Amino acid sequence: MTLAAHGEFTTLPDAANSAPVTFAWSGDLGGQGRCRRGAAGYPIFDVMRAQQLDFFLFLGDTVYGDNLCPSPPNEPGADFRATTLAEYRARHRDQRGAEALQRFLDNVPVYVIWDDHEVRNNFAGPFDSQMPAGRQALREYWPIRVVSDDPERLYRTVRAGADIELFILDTRQYRSRNADQDGPTKTMLGERQLQWLLSGLTESTATWKVIVTTVPLSISKGGGLAVPGNDGWAGGTDGTGFERERQVIVDHILSQRVTNVVFLACDVHYVQANAYDPNGDGIPDFHEFVAGPLSASPGRLTQASVGLRPTTLINEGGYMNFGLIRVTKSAFDVTIIDEVGATRFSHHLPAK
């Protein structure tokens, strides 16, 4: 037997211990033909590795199974659209050929959740025949613990010391069709996951409650003829979106006086940050930070929709990037870093 790889990492502090935590988040790797090029493949992972991370949050589109990677300019092996388990496995395997990603995985723990391109663009799980194959390939290539009473569950919490708890949402497996009109029966999370989130926010003893959602809160992201309807939380003029369920979460945060809530998202291929004041009292009730892509074409900049009364801190694109977060009991500091290591944005949140 031959040892395939060797790596090491440090376990996170437990909930009884207050300790500084540093982590990064991003998503969207190898989209729109911007795939592995040369041996390093995705050199942004070397930039991230230099940040001395406790862990990395990979917020979906870990592969673009429904996008072609023509060769040249990309490395050969991914010039096909995946529809079967074998093909999804091959697309994940192709990503792992990037040496910069291999070096990163040698030392940095990764918490992964999927978005749409692990299956196909803007998919809604209950209605997509390809979902089981895409989900199985994801789980084979990324370790996600299995819950005995719900073996396909992907949403989960991560506690990193006394000061931060992550609520990693699955925004794909249970969602209604995007084209459905928003209303009382439309859901992105499904009732069980929604109640898990609401209870977890109320019961959390962490200073910072971080809600990890692959799709952003306030960017209206409409679909096309093949998959109509808004794909993120925000609605559009066509009456689609998931704002009714979003408001349930917001109302819970406000009514239960849950403090120090931060949302992290990706998906749109540019950077946006918003301070939200949904009750209109002039004091932000929570924040959202959107990062990415790691390697994909830049998205079309869109202003945040007004429903949650946002103050936009940045809305900028045109470069590959990740978000870096340093957490202590007293502060939540966010920095956006581009593919060459330059700082593009920073923001300091003092704890309430």
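This is a predicted model: local features need pLDDT of at least 70, side-chain atom pairs count only at pLDDT 80 or more; totals for chains, interfaces and linings use all residues.
Biologist: What makes strand 6 largely enclosed by the rest of the structure?

Modeller: Strand 6 covers residues 208-212, and five of the five residues are buried, so the strand is largely enclosed by the rest of the structure. Trp208, Val210 and Val212 point one way, while Lys209 and Ile211 point the other way, and all are buried.

Biologist: How do you know that strand 5 and strand 6 pair?

Modeller: Pairing requires at least two bridges between the strands. Strand 5 (residues 164-168) and strand 6 have five bridges, in the parallel sense, so they count as paired. One example is phenylalanine 167, whose bridge partner in strand 6 is isoleucine 211.

Biologist: What makes strand 6 and strand 7 a pair?

Modeller: Strand 7 comprises residues 261-265, and four bridges join it to strand 6 in the parallel sense. The requirement is at least two bridges, so the two strands pair. Here lysine 209 has valine 261 of strand 7 as its bridge partner. The chain passes from strand 6 through helix 6 (residues 243-255) to strand 7, in a right-handed β-α-β crossover. A right-handed β-α-β unit is also made by strand 5, helix 5 (residues 191-203) and strand 6.

Biologist: How do you know that cysteine 35 and cysteine 69 are joined by a disulfide?

Modeller: The two sulfur atoms must lie within 2.5 Å. In this pair the S to S distance is 1.9 Å, so the pair meets the rule and is called a disulfide. Cysteine 35 lies in the loop between strand 1 (21-26) and helix 1 (44-49), and cysteine 69 in the loop between strand 2 (55-59) and helix 2; they are 34 residues apart. Both cysteine 35 and cysteine 69 are buried.

Biologist: Why is this disulfide called left-handed?

Modeller: The torsion about the S-S bond of cysteine 35 and cysteine 69 is about -70°, and the disulfide is therefore left-handed.

Biologist: What makes the pair of phenylalanine 55 and tyrosine 111 edge-to-face?

Modeller: The planes must be over 60 degrees apart. The planes of phenylalanine 55 and tyrosine 111 stand at 80°, with 5.4 Å centre to centre, so the pair is edge-to-face. Because phenylalanine 55 lies in strand 2 and tyrosine 111 in strand 3, the pair ties together parts that are 56 residues apart in sequence.

Biologist: Why is tyrosine 111 called partly exposed, whereas phenylalanine 55 is called buried?

Modeller: Buried means under 20% relative accessible area, and exposed means over 50%. Phenylalanine 55 has 0% and is therefore buried. Tyrosine 111 has 22%, so it counts as partly exposed.

Biologist: How do you know that arginine 96 sits over the ring of tryptophan 142?

Modeller: The charged end of arginine 96 is 4.2 Å from the ring centre of tryptophan 142. The rule asks for a distance within 6 Å and a position within 35 degrees of the ring normal. Tryptophan 142 also belongs to one aromatic cluster with Phe45, Phe56, Phe58 and Phe104.

Biologist: What makes asparagine 260 and histidine 269 worth noting for their phi?

Modeller: Most residues other than glycine have a negative phi. Asparagine 260 has a positive phi of about 55°, and histidine 269 has a positive phi of about 70°. Asparagine 260 is in the loop between helix 6 and strand 7, and histidine 269 is in the loop between strand 7 and strand 8 (271-276). At 7% relative accessibility asparagine 260 counts as buried, and histidine 269 is buried with 8%.

Conventions
Residues are numbered from 1 along each chain as its sequence is written. Side-chain values use heavy atoms; hydrogens and water are left out. Buried means under 20% relative accessible area, exposed over 50%, partly exposed in between (1.4 Å probe, protein chains only). A crossover is right-handed if, with the strands pointing away from the viewer, the path from the first strand over the helix to the second runs clockwise. Rings of Phe, Tyr and Trp (its six-membered ring) pair if their centres lie within 6.5 Å; planes under 30 degrees apart count as stacked, over 60 as edge-to-face and the rest as tilted.
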